[in-house]
Amino acid sequence: MNTPLTILGIAGSLRQASFNRAALRAAQQLTPDGARLEIFDLVGIPPFNQDEDAHPPERVVEFKQRIRAADAILIVTPEYNYSIPGVLKNAIDWASRPYGDSAWDGKPVAVMGASIGPMGTSRAQYHLRQVFVFLNMYPLNRPEVMISNASQRFDEKGNLTDEDTKEHIRKLLVALVAWAKHHEVGRQAAAAGA
Ligand SMILES: Cc1cc2nc3c(=O)[nH]c(=O)nc-3n(C[C@H](O)[C@H](O)[C@H](O)COP(=O)(O)O)c2cc1C
């Protein structure tokens, strides 16, 4: 039997009733056969301090291991002041260091996000895509999943109730799995010297 492909899901909010954490939980239920979505919670990642980047805190060591073990990454970002939240950027920075030991290098990645406003985190997502350039990650271009007016799409328990949004997330995950497989073939060919 083939080993399922592992996607590591990260939500950029620590809020208990976060729409983005809720969207990530929904994505877990919508992951296609042959893949599994694990969640890494950013609770416990301290503020980045470059004095410590060669000997990072235990939670950061664990974070980097989980990223490295994953075949693909799914980031679910809120939008804060037209950009990504500090909590998310902070975690990305930790896992990118020390210089030359980034856990993100060469990872396929997809992005989605939920906002209470009408733009559905689009501005934050494009900022995040800029960060992927230096990290040498491989972002999936489409589909884009921008969940606007989030308070109308989840119930009070944090369940995603909007069928169109579920369908968008399902399609994103199918595309991410195909994208990760595409990169895996490339990595294997490179390792074999093809
Ligand atoms: C500091 C801060 C800045 C925000 N800036 C934006 C913004 O630029 N665009 C937007 O659509 N929503 C903005 N919001 C509202 C968020 O969309 C809303 O709080 C959302 O629920 C945050 O995601 P979460 O539910 O996953 O915590 C902001 C919220 C906070 C706390």
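Analyst: A residue counts as buried under 20% relative accessible area, as exposed over 50%, and as partly exposed in between. The model is predicted. By that scale Asn 136 is partly exposed, because its relative accessible area is 32%. Asn 136 sits in the loop between α4 and β5, and the helix to look at is α4.

Helix α4 covers residues 122-135, which makes 14 residues. From its first C-alpha to its last it reaches 20 Å, close to the 20 Å expected at 1.5 Å a residue. Its buried residues are Ser 122, Ala 124, Gln 125, Leu 128, Arg 129, Val 131, Phe 132 and Leu 135. Viewed down the axis of α4, these buried residues fall within an arc of 165°, so they line one face of the helix.

On the face turned away from the buried side, α4 carries the exposed residues Gln 130, Val 133 and Phe 134.

After α4 comes Asn 136. Its phi is positive, about 55°, although Asn 136 is not a glycine. Most residues other than glycine have a negative phi. Another residue with a positive phi is Tyr 82, near 70° and also not a glycine. Tyr 82 is found in the loop between β3 and α3, and it counts as exposed because its relative accessible area is 53%.

Methods: Residues numbered from 1 in each chain as written. Predicted model: local features only at pLDDT ≥ 70, side-chain atom pairs only at ≥ 80, totals over all residues. Heavy atoms only, no water. Helix = DSSP H or I, 4+ residues; strand = E, 2+ residues; numbered from the N terminus. Expected span 1.5 Å × (residues − 1). Buried < 20%, exposed > 50% of the residue type's maximum accessible area, 1.4 Å probe, protein only. Arc of directions from axis to C-beta.
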